[in-house]
Amino acid sequence: MTDTTSAYATDTLPHTAVDAVVIGGGAAGLNGALMLARSRRSVVVIDSGMPRNAPAEAMHGFIVLDGMPPAELLAQGREQVRHYGGRVVLGEVASAEPAAPGREGDLRFAVTLADGRTLTARRVLVATGLRDVLPDVPGLAEHWGRGVVHCPYCHGWEVRDEPIGVLATGPASVHHALLFRQLTEDLVYFTRGTELGEDTRARFAARNIRVVDTPVLDVMKSEGGGIARVRLADGTFTARRFLAVATRMQARAEGLDGLKLPMEDLPDNMGRRFASGTAGATEVPGVWVAGNATDLTAQVGASAAAGALSGAHINAHLATADTDAALAAAQGDTTITA
């Protein structure tokens, strides 16, 4: 059933339609698949193998699992899904779209992977996560997830008491700075051309947050490979060990155009997400979305919980569809017998 020559053991795709396909193998997708598999649903997880938190050494803020490496969490999650009969397939979705209904009139969706493999499913859970878009500052991206962080709850304790710089990207960066000020007394706010009113400057001054209005040229590396300092346009330098950046968060939507899922922009250019309602239900019948693809600020625990809720919701809808089909068949048999 498995092929161990890939990045991790990947299952084969079934030849018959499955109850659900989960697009995305992160915490939300795997927990959704776990709920479905434990309900004896046939479920396939399509995992691109590129989780958002891959650069991080450990995840934090998740009780009991605090400090666990992200890769270990996902590896255990995949095996737990498989334990209950679910399949996890390493691959990228090239297209996903509604297909002709089943014989009983129930929904069907066709999913095609980048390598041409295909799958048919009755329901879809989109858990593709998001992509962090960093500001275009030379030298910044290479430190992402280590010297450059975004979440005070995910990384804050690990950078406490260090010289931290906040690279402003918009209005949200002001609150970002106040959160990181809780973690260090040595905080510099680089405005990078963003507006900073007198009231905010006064509040920063009251908290001993130094404001630098000179444009940032690049981020310079230390001999050990970490961040050493920030070079400014006037030729001066500001020594920093870590930088905090409020990224623009973009839901991963590659290959999903055929589903025609509604998307929406968040205020202040914070990002773009899939719109969803109760338990991740979308306006497209038969399609749910969970995790960072719809809740851009959700941490691992919240994403996993959202996936579990969506999985349970999908199972409930399938149970209703199964009962409708069984009733129609029974009534048909009664008519024939009569």
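Trainee: In which strand does T238 lie?

Mentor: Please keep in mind throughout that this is a predicted model. T238 falls within the run of residues 237-239, and that run is strand β16.

Trainee: Is T238 buried or exposed, and which residues is T238 in contact with beyond its neighbours within four places in sequence?

Mentor: A residue counts as buried under 20% relative accessible area, and because T238 has a relative accessibility of 6%, it is buried. Leaving aside the neighbours within four places in sequence, the contacts of T238 are V188, F190, R210, R229, V230 and L232.

Trainee: How many helices and strands does the chain have, and what percentage of its residues count as buried?

Mentor: The chain contains 6 helices and 21 strands, and its C-alpha atoms fill a box of roughly 90 × 45 × 35 Å along the principal axes. Among contacts between residues at least 6 apart in sequence, 58% join residues at least 24 apart. Of the 338 residues, the part that counts as buried is 45%.

Trainee: Which residues touch the most other members of the largest nonpolar core?

Mentor: In soluble globular proteins, nonpolar side chains tend to be buried together. Here the largest nonpolar core has 25 residues, and the members that touch the most others are V126 and L259.

Trainee: Which element gives the largest share of this core?

Mentor: The elements that give two or more residues to this core are β3 (18-23), β4 (43-47), β6 (93-98), β7 (109-113), β8 (118-126) and β21 (287-289). The largest share, 4 residues, comes from β8.

Trainee: Which residues does L259 touch, not counting those up to four places away in sequence?

Mentor: With residues up to four places away in sequence set aside, the residues that L259 touches are A96, E97, P98, F109, V124, V126, V284 and V287.

Trainee: How many residues are in the other core that lies apart from it?

Mentor: This other core includes L34, L74, V81 and I314 among its members, and its residues number 21.

Trainee: Why does the span of helix α1 agree with what its 12 residues should give?

Mentor: Helix α1 covers residues 27-38, and at 1.5 Å a residue it should span 16 Å. The expected value is taken as 1.5 Å times one less than the number of residues. The span agrees because the end C-alpha atoms of α1 lie apart by 16 Å.

Trainee: Turning to helix α6, is A321 buried or exposed, and which residues is A321 in contact with beyond four places in sequence?

Mentor: A321 is found in helix α6, and because its relative accessible area is 17%, A321 is buried. The C-alpha atoms of A321 and D106 are separated by 7.0 Å, although the two residues are 215 residues apart along the chain. Leaving aside neighbours within four places in sequence, the contacts of A321 are D106, R122 and R123.

Key
Residues are numbered from 1 along each chain as its sequence is written. This is a predicted model: local features need pLDDT of at least 70, side-chain atom pairs count only at pLDDT 80 or more; totals for chains, interfaces and linings use all residues. Side-chain values use heavy atoms; hydrogens and water are left out. Buried means under 20% relative accessible area, exposed over 50%, partly exposed in between (1.4 Å probe, protein chains only). Contact means heavy atoms within 4.5 Å. A nonpolar core is a set of buried Ala, Val, Leu, Ile, Met, Phe, Trp, Tyr and Cys residues joined through side-chain atoms within 4.5 Å.
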